Amino acid sequence: MNALEIDDVTVRYRRELAVDGVSLAVPQGRTVGLVGESGSGKSSIANAVVGLVRPASGDIRVGGASVVGRGAAVTQARRRTQLIFQDPFSALDPLMPVGASIAEATRATGRRWSREAKAARVRELLGQVHIDPARADELPAAFSGGQRQRITIARALAGEPSVLIADEVTSALDVSVQGAVLNLLRELQRDLGLSILFISHNLAVVRYISDEICVMRHGRIVEAGETEALLRDPADGYTRELLRAVPVLGRRMEFEDA
Ligand SMILES: Nc1ncnc2c1ncn2[C@@H]1O[C@H](COP(=O)(O)OP(=O)(O)OP(=O)(O)O)[C@@H](O)[C@H]1O
């Protein structure tokens with residue numbers, strides 16, 4: 001069963017074709033990595049999934065229900081996805097205590113929450129992302145970049161998504177804390193059974209977290225497959241190029257035709 005299905009989706013901005021007939025699926029409980037250079041159309045796909053951009057053609061389904069267009073059914077289906085923003089510094093309201101930001105996001109569940117239930121949920125979510133729940137009343141400025149990114153993850157989880165879209169979630173972070181955020185996503189996926197579309201231009205990061213990888217270039221998927229198989233034997237020249245740029249244990253990968 002696929003949690004997310006992107007079916008022959010095209011995204012246009014005026015004359016520019018940013019996404020050109022992309023199809024991909026995220027199976028339930030798996031992480032699919034979407035990798036490609038800047039401008040290849042990755043964020044346009046993320047934005048189309050969460051309704052920030054409307055595809056010119058094609059369909060996107062979450063749990064089997066279309067999230068393209070308008071109407072009650074679309075709103076309902078869209079509630080099952082959450083986007084984690086790239087920049088944890090601008091993603092949180094600087095004047096709002098982090099607990100309040102998370103509490104506000106419970107609205108995306110579509111249920112009514114009592115004040116006590118909301119407060120308990122905020123404590124639970126902070127605990128899940130390894131932030132001391134006693135710090136719920138502090139402002140974002142009191143937290144480091146990595147901690148803020150974990151808080152934005154808690155806020156995304158407050159909506160109880162079945163699908164998380166993570167768009168360049170480690171790009172704005174120091175290398176030293178990137179691993180902690182990736183490990184947290186892996187842990188949450190295991191514990192909560194989430195399905196994740198993980199977007200990054202960094203193949204090393206995508207490889208670390210993804211069960212499957214789709215390689216995107218100029219708005220199209222040029223190659224897709226299980227992570228290890230794809231990286232062991234990349235069929236596409238562009239995938240090989242990306243791989244060559246990834247340092248492996250202090251050296252670069254070599255290929256027979258390199
Ligand atoms: N709102 C927009 N209006 C016009 N053109 C856009 C818009 N958003 C993206 N584009 C263009 O669409 C193409 C794909 O961009 P997109 O951001 O989806 O790629 P990306 O792979 O996510 O790149 P990056 O990693 O730099 O964000 C680019 O050529 C970009 O300039």
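Modeller: In what follows, an axis is a line fitted to C-alpha atoms, for helices over the stretch in contact, and angles between N-to-C directions run from 0 to 180 degrees. Helices (DSSP runs of H or I, at least four residues) and strands (runs of E, at least two) are numbered from the N terminus. The model is predicted, so local features need pLDDT of at least 70 and side-chain atom pairs count only at pLDDT 80 or more, whereas totals for chains, interfaces and linings use all residues. Residues are numbered from 1 along each chain as its sequence is written, and side-chain values use heavy atoms, with hydrogens and water left out.

Colleague: How many helices and strands are there in the chain?

Modeller: The chain holds ten helices and twelve strands.

Colleague: What share of the residues of the chain count as buried?

Modeller: Buried means under 20% relative accessible area, exposed means over 50%, and partly exposed lies in between (1.4 Å probe, protein chains only). Of the 258 residues, 47% count as buried.

Colleague: How is the packing of two helices to be described?

Modeller: The description uses the angle between the two axes and the distance between them. Here, the axes of H4 and H5 come within 9 Å and cross at roughly 110°. Angles under 35 degrees count as roughly parallel, over 145 as roughly antiparallel, 65 to 115 as roughly perpendicular and the rest as oblique. H4 and H5 are therefore roughly perpendicular to each other. Their crossing is right-handed; a crossing has this hand if the near helix is turned clockwise from the far one by less than a right angle, and is left-handed if anticlockwise.

Colleague: Which residues make the contact of H4 and H5?

Modeller: Contact means heavy atoms within 4.5 Å. Gly99, Ile102 and Ala103 of H4 meet Lys118, Val122, Leu125 and Leu126 of H5. By class, these are five nonpolar, one polar and one charged. Ala, Val, Leu, Ile, Met, Phe, Trp, Tyr, Cys and Pro count as nonpolar, Asp, Glu, Lys and Arg as charged, and the others, Gly among them, as polar.

Colleague: How many residues of helix H4 are buried?

Modeller: Helix H4 (residues 98-105) is mostly covered, with six of its eight residues buried. The buried residues are Val98, Gly99, Ser101, Ile102, Ala103 and Ala105. Their cover includes H5 and H6.

Colleague: At what angle do H5 and H6 pack?

Modeller: Helix H5 (residues 115-128) packs on H6 at an angle of about 130°, with the axes 9 Å apart. That angle makes H5 oblique to H6. H5 passes H6 in a right-handed crossing. On the H5 side the contact uses Arg121, Leu125, Leu126 and Gln128, and on the H6 side Ile151, Ala154, Leu157 and Ala158. Six of these residues are nonpolar, one is polar and one is charged.

Colleague: Where do H6 and H7 meet, and at what angle do their axes cross?

Modeller: Helix H6 (residues 145-158) and helix H7 (residues 175-192) have axes that come within 10 Å and cross at roughly 20°. The two are therefore roughly parallel. H6 passes H7 in a right-handed crossing. Gly146, Gln149, Arg150, Ile153 and Leu157 of H6 meet Val177, Val181, Leu184, Leu185, Leu188 and Leu192 of H7. The contact divides into eight nonpolar, two polar and one charged.

Colleague: Is Ile209 buried or exposed, and which residues does Ile209 touch?

Modeller: Ile209 is found in helix H8 (residues 203-209). With 5% relative accessibility, Ile209 counts as buried. Not counting residues up to four places away in sequence, Ile209 touches Thr31, Leu182, Leu185, Arg186 and Phe198.

Colleague: Which value does phi take in His218?

Modeller: His218 has a positive phi of about 45° although it is not a glycine. His218 lies in the loop between strand S9 (212-217) and strand S10 (220-226), and is exposed, with a relative accessible area of 57%.
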